[in-house]
Amino acid sequence: LSHQLEQHPLDSLTPNEFIRVQAIVNQSHPTSTTNLTFQYIGLNEPDKQAVLSWLQNHPTTTPPPRQAFVVARINHQTHELIIDFSRDDIVSDRIHHGFGYPSLTFQEQIDADQLVFNHAPFLASLNKRGLKLEEVVCGSFTVGWFGETEQNGRVVKIMCYYLDGTVNLYMRPIEAITVTVDLEAMKIIHFQDRLVVPVPEAAGTDYRESKQKPPFGPQLKGITVVQPDGPSFTIDGSRVRWANWDFHLSFDARVGPIVSLASIYDTEKQEFRRVMYRGFVSELFVPYMDLTEEWYYRTFFDAGEYGYGLCAVPLEPLRDCPANAVYMGAYVAAQNGMPIEMPNVFCIFERNAGDVMWRHTETMIPPDLITEVRPDMSLVVRMVSTVGNYDYINDWEFKQIGSIKVTVGLTGLLEVRGSKYTHKDQIDEEVYGTLLAENTLGAYHDHFITYHLDLDVDGESNSFVKSKLQTVKVTDQTSPRKSYWKVVSETAKTESDAKIKLGSDSAELLVVNPNKRTKMGNFVGYRLIPGSVASPLMTNDDYPQIRAAFTEYNVWVTPYNKSEKWAGGIYTDQSRGDDTLATWTSRNRRIENKDIVLWYTLGFHHVPIQEDFPLMPTISTGFELRPANFFEYNPVLKVKGTSNVRWPNCSVSSSGLN
């Protein structure tokens, strides 16, 4: 693994750049006279044409100037700042006067949570329930928006949980107590103890290996992959090269991993051809369906409110990632602007899962039996984000056939509501969930994950084509058959043409380059292959759905606009749905033969089951971006069949580069 000497224009901010941001902002707004907190610091992405021009002329041209985009609270106002490092100065300082607030920092959540431990009414409520203060843990929840005309100010609601015999705090909610905290004043502004509900028992909730008791299932023998010659990929700074792929990997506190400039080498044309300029998780919308007073507002936007990258966790070697994985760290800004190192947030590894890339056995040429098989190898980039109770396993998988497979796995802990019920037969009302254990209701909820995919299929000018498979009846005597299906293709001219709810009819969804054709005359393209499909079931006039209107369709296509990257808007906390992907597309701009962005939303409707208790086994879904007439023929036809992966008869050993 080598290390680059020169900074790439799309590299994440460095620790030194975070320190410079802090110094420049503090100089213009001295902390002695200013209440100043940094809510977000990230790269202010250079103009796309400047990056592409630099790439084309590299290394003879200088890269575009490095800038940071900063959201700060300065004297109780939200400032949007752009800092130019070449000038060491603030080049833009705009105060946000609209709806919504910036994402929460870890520090203000910790400070808010601590307030309850000195609040007399809260201590009295614990005493009333016979609970020990030292066993209580609390968390800050965003409050959403439910039609209020006045702005509430930056507030959170604090919910508390009980340990006392387990680390699985989420299975032991202290129900029906609500503490509202004003984050700006950092004080409790409302307290309510509505009723006493039993706290579920600790027994059977701990998930730690050391705490498990017999009987145990059968023990498997270890499996490991050995690469005696080392990995087949190279990492040069943030640039990753493997097999026929070349891409840039960076990290952002709001969205986590960003894959940029993904290009694939065409052996026939002897050149790299671009597939995707930039791809990342734009937003996660997690609305709960429980309408009780302490639950109705739980309609979370995990990226915009909490920071999907900020919640990234260090990966466990040999458990989160296999023995042949290589790890990369990242940095985020603390509330005071100083860099915080996050070790091992990415792992990169080659996967050999025993799958077959292609094969054929020919039996029609006796006496020969011709068999050709090619094992499937791929490269995986992984990050895990733990947003409170849920763990999201994010994979970007690059395949030799030219596919990019994007997968998200959901595991971790459910949000459960404490209840008086100990058996399903006792329930005679709407409880908005499943009884998983005594006094424990697993709340119904959704997960919608929206991806921003700026595809540049063999160049920036692309079109979106929807090809329907249409049944045709045979009415004459030309064939004994009575029907067949044909492909009817339609190119979207404007944004409204490209909005798609999946699941209703069979369709092929393609991004093509209308300016480039194969030798056979087909437009070169990439196909979106969706995984499992889910659409919102809330009504369009429900307030959480107004804020998350970008989930209404699974597919949207917009003309490229540098400012349109976060589907829920910049200020998602208490947003009102006036700055989302859905409002941007209402302009109905032209998208044919333009630089376009594909937005894809995948989803889960989660009806909890007892197997999700006390911790959920991973459930996964995703999508694939797959070449469609991009190559002249099968691009892996000439891949050699010998596999260098050896499977020794040994248990898992520990290794990995940092």
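1. Buried area is the accessible area, taken with a 1.4 Å probe, that two parts lose on being put together, summed over both. In this predicted model, the area buried between domain 1 and domain 3 is about 2100 Å², and carbon and sulfur atoms give 59% of that area.

2. The two parts in question belong to a protein chain divided into domain 1 (15-95), domain 2 (106-206) and domain 3 (233-628). The C-alpha centres of domain 1 and domain 3 lie 29 Å apart, and 23 residues of domain 1 are in contact with 26 residues of domain 3.

3. Between domain 1 and domain 3 the count is five salt bridges, together with 10 residue pairs in polar contact, both residues being at pLDDT 80 or more. On the side of domain 1 that touches domain 3, the elements that give two or more residues are α1 (15-28), β1 (36-43), α2 (48-57), β2 (67-74) and β3 (77-84). Of these, β1 gives the most, with six residues, and the residues of this side divide into 13 nonpolar, six polar and four charged.

4. A salt bridge that can be inspected directly is the one that D454 forms with K48, where the closest N and O atoms are 2.9 Å apart.

5. Is R547 buried or exposed? R547 counts as buried because its relative accessible area is 0%, the cut-off for buried being under 20%. Leaving aside residues up to four places away in sequence, R547 touches, among others, G144, W145, E305, D573 and R576.

6. One joins H58 and P59, with omega about 5 degrees, and P59 lies in the loop between α2 and β2. Another joins P366 and P367, also with omega about 5 degrees, and P367 is found in the loop between β17 (356-362) and β18 (370-375).

7. Backbone phi values also call for a remark. N344, although not a glycine, has a positive phi of about 55 degrees; N344 lies in strand β16 (residues 339-351) and, at 15% relative accessibility, counts as buried. N629, likewise not a glycine, has a positive phi of about 65 degrees and lies in the segment after β32 (616-628).

Technical notes:
Residues are numbered from 1 along each chain as its sequence is written. This is a predicted model: local features need pLDDT of at least 70, side-chain atom pairs count only at pLDDT 80 or more; totals for chains, interfaces and linings use all residues. Side-chain values use heavy atoms; hydrogens and water are left out. Domain bounds come from an automatic or database domain assignment. Contact means heavy atoms within 4.5 Å. A salt bridge is a side-chain nitrogen of Lys or Arg within 4 Å of a carboxyl oxygen of Asp or Glu. A polar contact is a pair of N or O atoms within 3.5 Å; within protein, one must be able to donate a hydrogen and the other to accept it, and residues adjacent in sequence count only if both atoms are side-chain atoms. Helices (H or I, at least four residues) and strands (E, at least two) are DSSP runs, numbered from the N terminus. Ala, Val, Leu, Ile, Met, Phe, Trp, Tyr, Cys and Pro count as nonpolar, Asp, Glu, Lys and Arg as charged, and the others, Gly among them, as polar. Buried means under 20% relative accessible area, exposed over 50%, partly exposed in between (1.4 Å probe, protein chains only).
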